[in-house]
Amino acid sequence: MMYLACLQIHLRLSACSSLKEKRGVIKPIMARFQHQFGASAAEIAFQDKWKDCLIGSSVVSNDALHAQQIVHNMLADCETFWPNVTILSHQIDLIELPYEK
């Protein structure tokens, strides 16, 4: 089987007072997700709001537990490395896909 773990994180960026500042905060978060965890990441909502951000990220694995651990580690990293960013909510989904023959 192939497993796709998806993570959505709704962030509050209280210190930001412009879209430029917001980009300066979220780009390193998404870059860390991509480089540290091999995940894809994108800002998927609230692009025009200074203080809110919704990041969507996903990883693919042949092991469901491994995929879930990666997204949980991504969430923990966000809390650890960016203490000035508040996680308002998050959602983790695991999708199981059969191999095609």
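A residue counts as buried when its relative accessible area is under 20%, as exposed when it is over 50%, and as partly exposed in between (1.4 Å probe, protein chains only). This is a predicted model, where local features need pLDDT of at least 70 and side-chain atom pairs count only at pLDDT 80 or more, while totals for chains, interfaces and linings use all residues. Residues are numbered from 1 along each chain as its sequence is written, and side-chain values use heavy atoms, with hydrogens and water left out.

**View 1. The whole chain, for orientation.** Here we have two helices and four strands, taken as DSSP runs numbered from the N terminus (helices are H or I with at least four residues, strands are E with at least two). Follow the sequence along and the pattern reads β-α-β-β-α-β. The C-alpha trace spans about 50 × 25 × 20 Å along its principal axes. Of the 101 residues, 37% are buried. A contact here means heavy atoms within 4.5 Å. Among contacts with a separation of 6 or more, 71% join residues 24 or more positions apart.

**View 2. Cysteines without partners.** How many disulfides does the structure hold? It holds zero, taking a disulfide as a pair of cysteine sulfur atoms within 2.5 Å. Cys16 is in no disulfide either, and its nearest cysteine sulfur, that of Cys53, is 9.4 Å away. With a relative accessible area of 4%, Cys16 is buried.

**View 3. Ile87 and the residues around it.** Ile87 is found in strand S4, which covers residues 86-97. Is Ile87 buried, partly exposed or exposed? Its relative accessible area is 23%, so Ile87 is partly exposed. Setting aside neighbours within four places in sequence, Ile87 is in contact with Ile9, His10, Leu11, Leu75, Cys78 and Glu79. Ile87 and Cys16 are 71 residues apart in sequence, and their C-alpha atoms are 15 Å apart in space.

**View 4. Asp77 and Arg32, side chain to side chain.** Look for Asp77 in helix H2, residues 64-81. Asp77 is buried, at 13% relative accessible area. Its side chain makes a polar contact with the side chain of Arg32 at 2.5 Å. (A polar contact is a pair of N or O atoms within 3.5 Å; within protein, one must be able to donate a hydrogen and the other to accept it, and residues adjacent in sequence count only if both atoms are side-chain atoms.) Not counting residues up to four places away in sequence, Asp77 touches Arg32, Phe37 and Trp82.

View 5. Ser57 belongs to strand S3 and is buried, with a relative accessible area of 6%. What lies 2.6 Å from a polar atom of the Ser57 side chain? That would be the backbone oxygen of Ser40. Leaving out residues up to four places away in sequence, Ser57 touches Ala5, Cys6, Leu7, Phe33, Ala39, Ser40, Ala41 and Met74.

**View 6. Val60 on the surface.** Val60 also lies in strand S3, residues 52-61. Why does Val60 count as exposed? Because its relative accessibility is 54%.
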